Structures are given as structure tokens and as C-alpha cells.
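Subject: Structure handover

Hello,

Here is the structure for you to work from. My notes on it follow below.

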Amino acid sequence: MATRLRGYAVCFDVDCTVTQQDSLDLLAEFLGRGEQVATITNKAMNGEVSLEEALKDRLRIIDCKPEELASFIQAHPPSSRLTKGIRELIDGLQARGKAVYLITGGFRELTLPIARELGIPAANVFANRINWQVDDETGLVTRMVGLDERELTSRQGGKPAAIALLREMYPYETVAMVGDGITDLEAVQITGGADMFIGYGGIVVRDAVRDGADWFVDDFDDLTQALKRHQVAFIGSGAWACAAAKLVAYNCKLSSEGTGEFAEAVRMWVYEEEVGGRKLTDIINETHENVKYLPGISIGDNIVACPDLLDAVKDADVLVFCTPHQFTRDICRQLRGKVNPTAVAISLTKGMRVRAEGPQLISELVRKNLNIDCSVLMGANIAKDIGNEELSEATIGYAVPSNGELFKRLFETPNFYVQLVPDIAGAEMAGTLKNVVALAAGFVDGLGKGPNTKAAIMRAGLNEMRSLAERIYPTVRDETFFESCGVADLIATCYGGRNRLVAEAYVRAYQSGFPKSFDILEAELLAGQKLQGVLTSDEVQSILQIKGWETEYPLFTTVNGIVNGLLPPVAITTYKSAALQSQPQA
Ligand SMILES: NC(=O)C1=CN([C@@H]2O[C@H](COP(=O)(O)OP(=O)(O)OC[C@H]3O[C@@H](n4cnc5c(N)ncnc54)[C@H](O)[C@@H]3O)[C@@H](O)[C@H]2O)C=CC1
Ligand SMILES: O=C(CO)COP(=O)(O)O
């Protein structure tokens, strides 16, 4: 677990950040030379004299012996010197596997006891070293004679230099610096340093530090609060919702025992119904199995099924949407104004909504209605296979990188690999449009055609998917179609999905002389599960009609002609010319 979170490091200044006082000032006071030293310290922290000069001057005034230093540490034990809330904050960070460093212009001799008190290894401390004079005859250390000027922290720009060195040694993706002084702020102002600066004003507030900080706090409890365990809520309980909930349940359980990032219990909203005379929620809570939609698979004893939508999302700050797409709008309406405003969401739903002004992807629907960020997870994800823990992959499309990372940690398991792409629309359009191509593949299977025809249909389908996605959303990236959400999902669905299955049955019924509608076949074959491709085909066709693009997407247009009874299933084998016939007559 720790290695998975290796991407984050948090570096703390020590004096007046981790400790209530500046160590050298306190030492000087202990030795009766406090005032002289404090004046120089303040000048340095305000940027009025250089750090190098201030350090040398202060040491010259302090001029102490090793035994005086030892008595000082005894008189001021580290536990008595910590700032309010720092211990809880550092504990919380370390519990989540984040690396914690102390980077200080102070001295190693005074900093190591503080590090020890906080459980920070000595190797994670960057501090200055005192040069000691050694008695030639006794070999004993007698007094200090200045500082080791080779230490990075002994000079201006030392903190960003130390962070740059850290980054050379470890591949941290994000490094944050926390501190109260100008030299701490410098950590983000110099290339190669930290990515983020959190100013701390609990002891001293410096205007320049407060103004330059990405985030300014005067109480570390605010930061600890931000590290609170995420409470995850699942909205949906069909086949894929349950298989995906099993992944989430696994990670939440693991995390609650380890990093503490996610709370163990995951509430899942279940559209309540009776199964065998009992409430489905009761069955799930008792057996940990959704006997109707994903039978035979245990989804985890930390999934709590709730029949009440608002109850399910109460207190949640991570929302996972996974219902058939036709229900999402109504769900979002019920949730409007009711979810935590700082929550983040992810949609696993494949589908879109069509309005007069154009299509609206499900992630957009969530984002607009709830005013929160919404990523997507799409991929070659046949629910039952994932429930059975077969190796599978998925693609997370994100807009906010840290949210993409968070969802990767929430979903990835040893047999469910997740890739991140900064392309929500590309991933979601791919996941949505492949359901239409899967119908075409099912028609080909129903007609008994061989692999050449099926491959031709899938290739043409992939091209139309990519072209339409890029035309409607110009930010969509070509590369996204090579991820799990693109070509891999297309393959999985065209061979193993429900859209394919029902489309094949449609052709067989049609050819037998006893045709059946898609609604009837859905009810007969899917036991309550929902087909998305037929609705999506109509939605896509509305867009093509509004734009006048029908003949430019002949495969989509032919599929729509077949599902609406305007064309016979065999038309799929001549889709280029058939598309022209399914056009409404002028
Ligand atoms: N099943 C699969 O293998 C995969 C499905 N998906 C996508 O995931 C989404 C959800 O599909 P599944 O979880 O498989 O569901 P499903 O098709 O297995 O089940 C239908 C669900 O809809 C619920 N439902 C019925 N009427 C409702 C209503 N009026 N309001 C709200 N919910 C209602 C049912 O209780 C049930 O939970 C779909 O967009 C699908 O395309 C994505 C990847 C794989
Ligand atoms: O999206 C899916 C696989 O990734 C499931 O597709 P079906 O809805 O056709 O079963």
C-alpha cells in the first residue's frame, strides 16, 4: 500500500511550524543571550538579512558547549515544544503512506530530537551541521566554531535545493512545503522545488508568506480535517454496479486497515424490489450477494445496501454513479442540493442524454446538477467476469488529476488494472457509442456471418465512434481510443456483452417468422438487467439528424434503421448503401 502512495511527500519547516519557538532563539534565551539572537532571527525570516549571515551571527553569539546543549534539550523536551495539532497531522500523513520530511535552516543537533518525537526517520531530516572544536589532547568536543557551509540549508534557496535533491532520489509526483517563513515560500518559487506551499500562521503571521501561499492555515487541525477518511457511496446496484462495488469494497477494507484513506463501510443505493418475497436490500445485507443482478458473487460484507437514495449519500464525499443511463437524470434531480458540496463523483454509466442544444454525457449531467467534479471509469468490463476476479482493465477519464488518482486508488486491485487519461469526453463517448456497434455485431452473429464481416463491422464502428466523439467534443484525443475504454471495450462487448446477445436473438426471431421486439427480448433474456444500446442508438440518431450527418455515419444509421424496424437485419451486411434507404423520405 505504501508504495502505491509514494507519489506524495510533505516537507515541513521546523522552527515556528513544527515547534512553537525557534530552537536557536530558545537556546540563546536558555543561555541568557536571547534578545540579541532573536533580533537577527526576525530579520532573516522577514528577508532583511541573508540566511547565511544570520546563521553565522547567531552561532557566534550563542557560542555554546556540548553539555550546555544537552542541558537545554533536557530543560525543553521535544514533546513540550510541538505546535498544536502537528503530531496528529504528521501521524495522519504517515498513516496514509505519505513521506514526511523536515527541512530546516536550524541545526541537526536540535532537530533530530524533534524528528524522533514525531517518528520521522533521521534520513528524512535536512538541517545544518555545527562544526565542533575538538580538544587535541583529550579528543573531546569542546565548543562550536561555526557551521558546515556545504549543507544545502545553510544558504539562501536551500529549501528548494533540498527538495530538488529529494526529487532526484525519489520519483515523487507531488511535493508540498509547509512553513511560516520566506525561506519556506521560496520552495515553490524556484524551479525544481515544491509544487505547493502551505503557509502556517499559528505562531507568526508574515504578510508575504500569507499572500504567497497556495493555502494558509493558522491551525494544523484544518489540514488534519482535510485528511479525513473518504466516505464512499455507490448509486446503483445492477450487475456492473455490484461487480464494481466489490472492487471498491476490497480497497475500502484494505485502506481502513492501512492508510486510512477510505472508510471501511460503503453505502450502496439499491432500487428496492422484492425477490422471492423478500426485499432485495435485506438479502444483500444478509448474504452480501445481489441474487438478482449478480448471482453467485460475494460483493463484500462492508457494502451496506440502502433503499433510500438520500440516506445512502448522507455524509459521503465520494460518489460513484452506476445506473442504466435512462435513470441518471431523475436520480440527479433528487440529489440536487443534497450532496456534500466538497464531494467528488465518478460515473461508470455508459450512455448520454439528448437535448435540443445537443448531447449531454452522464458525467456532465452529474457535474451540472450537483455542481461537483465528475470523472468517468469506462472499459472492457463484463460484470460477471470482474465479479469472478478475472484480469480486466479500465480507463479513468479525469479533469482534476488528484481526483483521477483518488479514483484509481479506489478501483485498482491486483486483477483490475486502471489507466488514467485526461480525456473525460473521449472515454465516455467511446463507452457509450460502442453499445451501438455491439448491436451491429449481434446482428452479424444472428445472420451467421463469419469473422471477416464481424471484423469489418467492428472496424467501421470504431471509426464512426472516434469521428463522432471528436466532432462533438473537439478536445477528445485519438489515443483514448487505444485504451481499455476504446478498442478493448468494443472487442469485449461485441463478443460477450448483453447488447450483442439481444441483437443476435432479435435476428433469429426475425428470421424464424416470429419477430420479437427489443423490449420483449430484454425482458426474456436479461432478467431485469437493462439494454443500453437501443436507447443509445436512438439518441445518437437524433444528434445525427439534428446535424444532418446521417449518411456520414452509415453504420450507426443502419443500426438505427434495423432497431426501429425500418430495415431488415441483413441490411447490416450492406450498411453503406442501406444507410441511404433508412433515411426519412423527403
Ligand atoms: N453489466 C455490465 O457488464 C456493464 C454495464 N455497464 C454500464 O453500467 C450501467 C449500469 O448497468 P448495470 O449495473 O449492469 O445494471 P443492470 O442492467 O444489471 O441492472 C439494471 C439496474 O437498474 C435498476 N433499476 C430498474 N428500474 C430503475 C429505476 N426506475 N430507477 C433506478 N434504477 C432502476 C435495477 O434495480 C438494476 O439495479 C449501464 O450504463 C451499463 O451500460 C458498463 C460496463 C459493464
Ligand atoms: O459495457 C459493457 C462491457 O464493457 C457491457 O456491455 P453490455 O451492456 O452490452 O453487456
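**Domains**

The centres of domain 1 and domain 2, taken over C-alpha atoms, are separated by 43 Å. The protein is divided into domain 1 (3-226), domain 2 (232-422) and domain 3 (427-581). These bounds come from an automatic or database domain assignment.

This is a predicted model, in which local features need pLDDT of at least 70, side-chain atom pairs count only at pLDDT 80 or more, and totals for chains, interfaces and linings use all residues. Residues are numbered from 1 along each chain as its sequence is written, while chains are lettered from A and ligands numbered from 1 in the order in which they are written.

**Ligand shells**

Ligand 1 has 23 residues around it. A residue is near a molecule if its C-beta atom, placed from the backbone, lies within 6 Å of it. G238, A239, W240, A383 and Q529 come nearest to ligand 1. Helix α12 (residues 239-257) gives the most to this shell, with 3 residues. Helices here are DSSP runs (H or I, at least four residues), numbered from the N terminus. By class, the shell around ligand 1 has 11 nonpolar, 10 polar and 2 charged residues. Ala, Val, Leu, Ile, Met, Phe, Trp, Tyr, Cys and Pro count as nonpolar, Asp, Glu, Lys and Arg as charged, and the others, Gly among them, as polar. Domain 2 and domain 3 each supply at least three residues of the shell around ligand 1.

Ligand 2 is surrounded by 13 residues. The closest are N381, T493, G497, R498 and N499. Which helix supplies the largest share of the shell around ligand 2? That is α21, with 3 residues. At least two residues each come from α19 (424-446), α21 (484-496) and α22 (498-512). The shell around ligand 2 divides into 4 nonpolar, 6 polar and 3 charged residues. Domain 2 and domain 3 each give at least three residues to the shell around ligand 2.

**Helix pairs**

Two packed helices are described by the angle between their axes and the distance between the axes. Axes are lines fitted to C-alpha atoms, for helices over the stretch in contact, and angles run from 0 to 180 degrees between N-to-C directions.

Start with α19 and helix α25 (residues 554-563). Their axes come within 10 Å and cross at roughly 65 degrees. α19 and α25 are therefore roughly perpendicular to each other (65 to 115 degrees). α19 passes α25 in a left-handed crossing, with the near helix turned anticlockwise from the far one by less than a right angle. V436, L439, A440 and F443 of α19 make the contact with L555, F556, V559, I562 and V563 of α25. Contact requires C-beta atoms, placed from the backbone, within 7 Å. This contact has 9 nonpolar, no polar and no charged residues.

Next, helix α1 (residues 23-30) and helix α2 (residues 34-45). Their axes come within 7 Å and cross at roughly 165 degrees. α1 and α2 are therefore roughly antiparallel (over 145 degrees). In α1, L24, D25, A28 and E29 meet G34, V37, A38 and T41 in α2. The contact of α1 with α2 has 4 nonpolar, 2 polar and 2 charged residues.

Last, helix α15 (residues 328-335) and helix α16 (residues 362-370). Their axes come within 9 Å and cross at roughly 15 degrees. α15 and α16 are therefore roughly parallel (under 35 degrees).

Best wishes

Key. Two residues are in contact if their C-beta atoms, placed from the backbone, lie within 7 Å.
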